[in-house]
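Reader: I have a model open and want to go through its architecture. Can you take my questions in order?
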Amino acid sequence: MAHRLRAIWPPILIAVIFLGSWQLLVFVQNIQPYLLPAPSLIFTNFFSDVSLMWAAAFYTGTTAFLGLMFGTLFGLVLALFAQRLAIVNNLVTPLAAGLAAVPIIALTPILNNMFNITSRTPRVLVTMIIVFFPVFVNVTRGLIQVIPVQLELMRSMNAKPSTVLRLLRIPNAIPFFFTALKIAAPLSVIAALVSEYFGGPQEGLGSRIASAAANTAYGRAWAYVVASIITGLLFYLVVLAVERWAAPWTGQSRSA
Amino acid sequence: MSDTSVNVTGIWKIFNEGLPNEVTALQDIDLTVETGEFISLIGPSGCGKSTLLRVIADLTGPTRGQATVAGMPAAQARKDQRYGIAFQQAALFDWRSVRRNVELPLELQGWSKDRRRTRAMELLEMVQLADFAEHRPWELSGGMQQRVAIARSLAVDPPLLLMDEPFGALDEMTRERMQNELLRIREETGKSIIFVTHSIPEAVYLSDRVVVMSPRPGRITDIISVNLGSRTEDTREAEGFFNAVTAVREALRGRGPGSSEARSRIGEI
Amino acid sequence: MGQSQKMSAVSRRVKRGTISAGWAIAGALLTVIMWELVKLLGSVVELPFDTSDTAMPNVWTMIAAFSQPEVRGSDVTILQAVVSAAAYSLMIALGGFIIGVSIGLILAIVMQRFAFLERGMLPFVIASQTVPLIALAPLIVGIGNRFSLGPVQWTSTASVMFIAAYLAFFPLSVGALRGLQAPTATSLELMHSYAATPRQLLFRLRFPASIPYLVPAMKVSAAAAVVGTVVAEISTGVRGGIGRLIVEYARETTSQPAKVYVAVFGAIVLGLVAAGLVTLLDMYLTRNLPKESPA
């Protein structure tokens with residue numbers, strides 16, 4: 001217990017210092033809200049419009065969630081193929097590396113034209129594509145990068161390739177999967193958010209922030225920003241929790 | 001008693017044959033291991049001892065020659081699970097408990113859940129780790145992990161055990177304890193063991209015969225018989241032990257009974 | 001390593017590069033063929049998406065659009081507009097990358113040196129990445145535009161660079177921290193036995209040891225800087241960069257559908273160029289390290 005407290009207090013201290021100096025700065029310098037609102041102002045704005053916040057967050061969150069699910073599924077399936085068939089790996093992995101710096105979100109207007117702009121589809125699709133790459137790359141690596149001794153062991157036990165996949169490669173890949181998910185989950189929220197800037201239904205967090213800023217309602221804009229932060233954080237924390245349950249051995253120094 | 005002899009005839013293993021970086025890891029190896037024998041393979045790095053073990057285990061194929069285990073080709077022996085193997089790394093699966101790690105070969109053989117569990121607990125009793133059955137591999141020390149690996153290698157009760165420097169990563173005291181463990185297990189089960197090591201005292205202490213190998217190209221230079229009878233606490237300090245260790249050391253230096261030096265002394269060449 | 005072996009290592013790398021380029025071109029050609037095939041299919045069968053020329057212009061229409069004037073009566077072709085916008089974004093991304101990497105490195109050095117700061121700051125460094133900063137982008141631009149330090153006016157462009165730097169700093173600081181902490185206890189004891197000062201320790205042991213960690217981190221940082229720049233431009237409508245161009249051209253799809261495609265290509269090429277530059281940087285930094293054999 002004492003050990004846990006000891007680990008927690010440095011970040012808490014720094015958070016308190018940060019928020020405290022922010023509040024103090026606004027107060028002392030008399031900074032106008034349109035420039036930089038005080039934490040207290042954001043706080044009150046947030047709680048006065050909670051139902052709106054929640055609705056917008058739910059909308060964007062659903063888009064993000066759908067994109068995350070499908071992108072992850074697609075990434076997993078293709079990774080299984082990539083492990084089995086070298087050609088899939090040799091084609092897709094360099095593609096993933098090459099496209100790493102490409103702003104995939106820029107595809108949204110094209111998808112908006114091809115698919116119905118008033119529906120969620122183009123946004124979910126672009127989120128899906130964005131999520132696919134980290135999942136594919138990491139899971140493929142996890143399936144392939146098995147300790148050679150363990151492969152020898154399986155061979156000595158006359159295990160079929162499908163058995164090796166089931167009993168060795170897949171469990172080995174689980175920590176890699178969660179590494180990818182920890183990147184992909186917050187990323188899906190951002191992607192869903194930004195995809196709202198290309199037109200289409202305006203109920204999401206992205207649209208709300210933009211319109212609030214355009215109407216100089218900065219207190220409201222910041223409140224929506226806080227809602228986005230919470231949504232992103234929630235996605236991440238859920239992944240952490242699932243990881244702790246599904247892969248408790250992650251991060252342990254490997255057995256010899 | 002089932003036939004557990006290992007027969008290696010004319011085995012060659014050449015890596016990168018025909019290429020500029022060609023390496024002859026094994027040259028014309030002939031070796032017979034009798035039922036119930038404990039054989040050590042010893043030699044400096046590159047002498048091919050681990051490669052020979054892997055050829056016998058059918059983890060790699062020979063370039064020429066053949067190996068048989070219990071009268072059948074090595075590949076068949078592997079399919080029929082006629083041997084268990086332990087490596088220098090315990091290679092336990094982090095995502096399984098200790099018990100389920102020991103159950104792994106049994107799962108692959110299609111044993112039922114209850115039967116597997118019973119057998120795994122039996123084996124863990126044998127290596128005195130029954131209390132740790134539900135622990136995770138990383139919670140155990142190196143020596144304990146290695147004991148689990150040995151228990152796993154005994155799971156299907158194979159007549160032959162192959163071991164590739166299993167105690168290499170352990171400290172001296174743990175090593176000696178593990179050596180005694182291994183001998184005790186062998187007493188109880190009567191298995192043949194082929195043991196790769198580069199510790200001379202270990203080879204002498206454990207084996208009936210010590211096979212000395214040398215590198216470039218990998219070949220057998222001497223086979224030294226060790227006749228020390230039952231091993232006790234005093235064996236390591238007995239004169240016979242020192243003599244055997246000396247004999248092996250001399251053989252490693254190229255002055256063993258099979259060497260040209262020895263043979264010229266005897267007048268053979 | 002012999003001189004002849006060194007030569008073959010370089011020529012092997014060039015060979016591998018050409019093969020990759022070959023695959024890339026093949027991939028691009030395949031995409032073009034697929035595109036036209038889908039359009040063809042769409043004209044005969046009912047597909048769940050729009051395959052008309054407005055939604056999916058033919059590839060040759062897109063190429064023809066390169067040389068069309070951007071705005072009626074203008075001298076500037078669409079291609080020129082896209083290239084200059086992409087170059088502008090690249091400059092911003094580069095600036096953001098350099099700033100982000102510098103801050104990331106400093107942060108990592110500080111966190112490695114003082115364990116208390118590592119414990120205090122690392123959770124925030126990690127949490128900072130779950131913050132969709134892009135959500136904040138319009139507000140940052142808003143705040144920034146009212147800022148001025150004496151004669152220097154903060155521009156919207158600077159806000160975009162700031163965002164790029166923010167996104168670039170995290171992967172680098174985490175990678176750099178891991179790298180600085182990488183030296184084994186044995187190497188540290190060796191340096192202590194030489195009575196090395198903290199500074200010598202940093203420059204002679206920790207930095208060189210961290211290169212294998214810095215290199216992949218820099219790749220991620222560069223990607224983050226580029227994507228961050230373009231996305232920030234999209235979110236804020238800041239002029240000059242490719243992001244704004246995409247948003248603008250997207251509004252003209254009924255009249256000139258091919259325009260937005262050219263802009264999107266521009267963004268893709270921007271990303272590829274950035275990835276290529278980082279790879280060159282990578283090759284330079286690891287020139288003296290043993291080459292890993294392919295997995």
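This is a predicted model: local features need pLDDT of at least 70, side-chain atom pairs count only at pLDDT 80 or more; totals for chains, interfaces and linings use all residues.

Reader: Fine. Where are the domains of chain C, then?
Author: Domain 1 of chain C covers 1-51 and domain 2 covers 58-285. Their centres, taken over C-alpha atoms, are separated by 26 Å.

Reader: And how is chain A divided?
Author: Into domain 1 (1-31) and domain 2 (41-246). For chain A the C-alpha centres of the two domains lie 31 Å apart.

Reader: On to contacts. How many residues do chains A and C bring to theirs?
Author: Chain A has 43 residues in contact with 47 residues of chain C.

Reader: Which elements of chain A give two or more residues to that side?
Author: They are α1 (2-29), α4 (86-99), α5 (108-114), α8 (161-195), α9 (205-214) and α10 (218-246) of chain A. The largest share, nine residues, comes from α10(A).

Reader: What's the makeup by class on the chain A side?
Author: The side of chain A that touches chain C has 38 nonpolar and five polar residues, and no charged ones.

Reader: Staying with α10(A): at what angle does it cross α8(A)?
Author: Roughly 165°, and the two axes come within 9 Å. Angles over 145 degrees count as roughly antiparallel, so α8(A) and α10(A) are roughly antiparallel to each other. Their crossing is right-handed.

Reader: Which residues meet there?
Author: From α8(A), they include I174(A), F178(A), L181(A) and V189(A). On the α10(A) side, F235(A), Y236(A) and V239(A) are among them. By class, this contact has eleven nonpolar, four polar and two charged residues.

Reader: Back to chain C. How far apart are the axes of α6(C) and α8(C)?
Author: The axes of α6 (residues 156-180) and α8 (residues 198-236) of chain C are 7 Å apart, and the helices pack at an angle of about 155°. By the cut-off used above, α6(C) and α8(C) are therefore roughly antiparallel. This crossing is right-handed. The residues of the contact divide into 19 nonpolar, eight polar and three charged.

Reader: Now chain B. How many residues does it give to the contact with chain A?
Author: Chain B gives 22 residues and chain A gives 18. On the chain B side, the elements with two or more residues in the contact are α2 (74-79), α3 (98-108) and α5 of chain B. That side has 14 nonpolar, four polar and four charged residues.

Reader: What is the strand order in the six-stranded sheet of chain B?
Author: The order is β6-β7-β8-β3-β9-β10 (chain B), in an open sheet with mixed pairing. β6 (83-86) and β10 (219-225) of chain B each have a single partner strand, so one side of each is left without a neighbour in the sheet. From one strand to the next, the twist averages 15°.

Reader: How many bridges join β6(B) to β7(B), and do they run parallel or antiparallel?
Author: Four bridges, and β6(B) runs parallel to β7 (residues 160-164) of chain B. Within that pairing, Y83(B) has L160(B) as its bridge partner.

Reader: Which helices pack on this sheet?
Author: α5 (residues 142-153) of chain B touches β6 and β7 of chain B, and its direction makes about 165° with that of β6(B). Helix α1 (residues 49-56) of chain B lies across β3 (38-42), β7, β8 (192-197) and β9 (209-214) of chain B, running at about 150° to β8(B).

Reader: Which strands of the other sheet does α1(B) lie across?
Author: β1, β2 and β4 (64-69) of chain B, and α1(B) runs at about 120° to β1(B).

Reader: In what order do the strands of that four-stranded sheet come?
Author: The order is β2-β1-β4-β5 (chain B), in an open sheet with antiparallel pairing. The edge strands are β2 (23-33) and β5 (72-73) of chain B, and each pairs on one side only.

Reader: And how many bridges pair β1(B) with β2(B)?
Author: Seven, in the antiparallel sense, with β1 spanning residues 6-15 of chain B. K13(B) stands opposite L26(B) in β2(B).

Conventions: Residues are numbered from 1 along each chain as its sequence is written. Chains are lettered from A and ligands numbered from 1 in the order in which they are written. Two strands pair if DSSP finds at least two bridges between them. Axes are lines fitted to C-alpha atoms, for helices over the stretch in contact, and angles run from 0 to 180 degrees between N-to-C directions. Two residues are in contact if their C-beta atoms, placed from the backbone, lie within 7 Å. Domain bounds come from an automatic or database domain assignment. Angles under 35 degrees count as roughly parallel, over 145 as roughly antiparallel, 65 to 115 as roughly perpendicular and the rest as oblique. A crossing is left-handed if the near helix is turned anticlockwise from the far one by less than a right angle, and right-handed if clockwise. Ala, Val, Leu, Ile, Met, Phe, Trp, Tyr, Cys and Pro count as nonpolar, Asp, Glu, Lys and Arg as charged, and the others, Gly among them, as polar.
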